[in-house]
Structures are given as C-alpha cells and as structure tokens.
Amino acid sequence: MVNKLEILEKIAKCATIFNLFEKIYVFGSILISNKPSNDIDLLFVYKGRSLRDISTEKNYIVSFLQSLFGMPIDITILSEKELQQTAFLDKINYKYKTIK
C-alpha cells in the first residue's frame with residue numbers, strides 16, 4: 001500500500017524543482033487516506049512564462065516524480081489568470097494541499 005503521507009512529504013521536500021511555477025497544489029485521491037490512489041494529481045500555476053519553458057519543465061518534473069514514486073503523475077497547468085477564471089480550486093471543493 002502507498003504511504004500517502006510519505007509521498008506528500010517527499011513532494012514538499014522536492015519544492016526546488018518547481019521553481020518555474022508560482023504555486024503548486026496536490027489534489028485528488030492521494031489526499032484521501034482511506035481511498036486507493038493510482039496516480040498523483042498536481043496543479044501548477046505559472047506567471048509570465050513561455051509555453052515552451054513550461055512544457056520542458058513539466059516533462060522533466062513528470063519524469064523525475066514518476067521515477068521517485070513509481071506512480072503516474074497527472075499535472076494540470078494554469079496561468080494565474082486561468083486559475084481565477086476557471087475557479088479550479090473551488091471546483092475541487094478546496095480539497096488540496098499547497099506545496100508552494
């Protein structure tokens with residue numbers, strides 16, 4: 001069984017790999033202790049970056065985290081404006097953990 005608390009702690013310790021992004025959130029089943037998790041859901045929020053830089057960095061982070069945890073990593077990327085416009089955090093009922 002996956003130790004979810006350990007995963008969250010390791011993600012927080014890896015915060016330096018998220019430097020390109022303004023905010024990082026973990027959400028989904030990884031936060032629910034009595035529910036099995038098949039993946040790790042992350043939300044990355046950026047400000048003033050090129051899509052090329054973001055895509056390159058996302059690919060690196062996915063590869064790194066998948067090798068670290070042996071689980072699929074599902075990343076949603078939004079600009080600060082898109083985060084407000086979509087009300088993403090509201091839609092997940094504020095069930096998230098802020099990493100950065």
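**A guided look**

Guide: Let us begin with helix 2 (residues 51-69), which lies across strand 2 and strand 3 and runs at about 155° to strand 3. Helices (H or I, at least four residues) and strands (E, at least two) are DSSP runs, numbered from the N terminus. Angles run from 0 to 180 degrees between N-to-C directions, with axes as lines fitted to C-alpha atoms, for helices over the stretch in contact. This is a predicted model, where local features need pLDDT of at least 70 and side-chain atom pairs count only at pLDDT 80 or more, while totals for chains, interfaces and linings use all residues. Residues are numbered from 1 along each chain as its sequence is written, and side-chain values use heavy atoms, leaving out hydrogens and water.

Visitor: What is the reach of helix 2 from its first C-alpha to its last, and what is expected?
Guide: Helix 2 has 19 residues and reaches 26 Å, close to the 27 Å expected at 1.5 Å a residue. The expected span is 1.5 Å times one less than the number of residues.

Visitor: Which residues of helix 2 are buried?
Guide: Ile54, Ile61, Val62, Leu65 and Phe69 are buried. Buried means under 20% relative accessible area, exposed over 50%, and partly exposed in between (1.4 Å probe, protein chains only).

Visitor: In what sense do strand 2 and strand 3 pair?
Guide: Strand 2 (residues 40-46) and strand 3 pair in the parallel sense over seven bridges. Two strands pair if DSSP finds at least two bridges between them, so seven bridges meet the rule. One of the bridge partners is aspartate 74 in strand 3, which goes with aspartate 41.

Visitor: Why is isoleucine 30 called buried?
Guide: Its relative accessible area is 2%, so isoleucine 30 is under the cut-off and counts as buried. Isoleucine 30 is found in the loop between strand 1 and strand 2. Leaving aside neighbours within four places in sequence, isoleucine 30 is in contact with Lys4, Ile7, Ser37, Asp39 and Ile40.

Visitor: How many aromatic pairs are there by the rule?
Guide: The count comes to five aromatic pairs. Rings of Phe, Tyr and Trp (its six-membered ring) pair if their centres lie within 6.5 Å; planes under 30 degrees apart count as stacked, over 60 as edge-to-face and the rest as tilted. Tyrosine 25 and tyrosine 96 are 5.1 Å apart centre to centre with 85° between the planes, so the pair is edge-to-face.

Visitor: What does the pair of tyrosine 25 and tyrosine 96 tie together?
Guide: Tyrosine 25 lies in strand 1 and tyrosine 96 in strand 4, so the pair ties together parts that are 71 residues apart in sequence. At 7% relative accessibility tyrosine 25 counts as buried, whereas tyrosine 96, at 26%, counts as partly exposed.

Visitor: What makes tyrosine 60 and phenylalanine 64 a stacked pair?
Guide: Their centres are 6.3 Å apart and their planes 20° apart, so the pair counts as stacked. Being four residues apart in helix 2, tyrosine 60 and phenylalanine 64 are separated by about one helical turn.

Technical notes:
Contact means heavy atoms within 4.5 Å.
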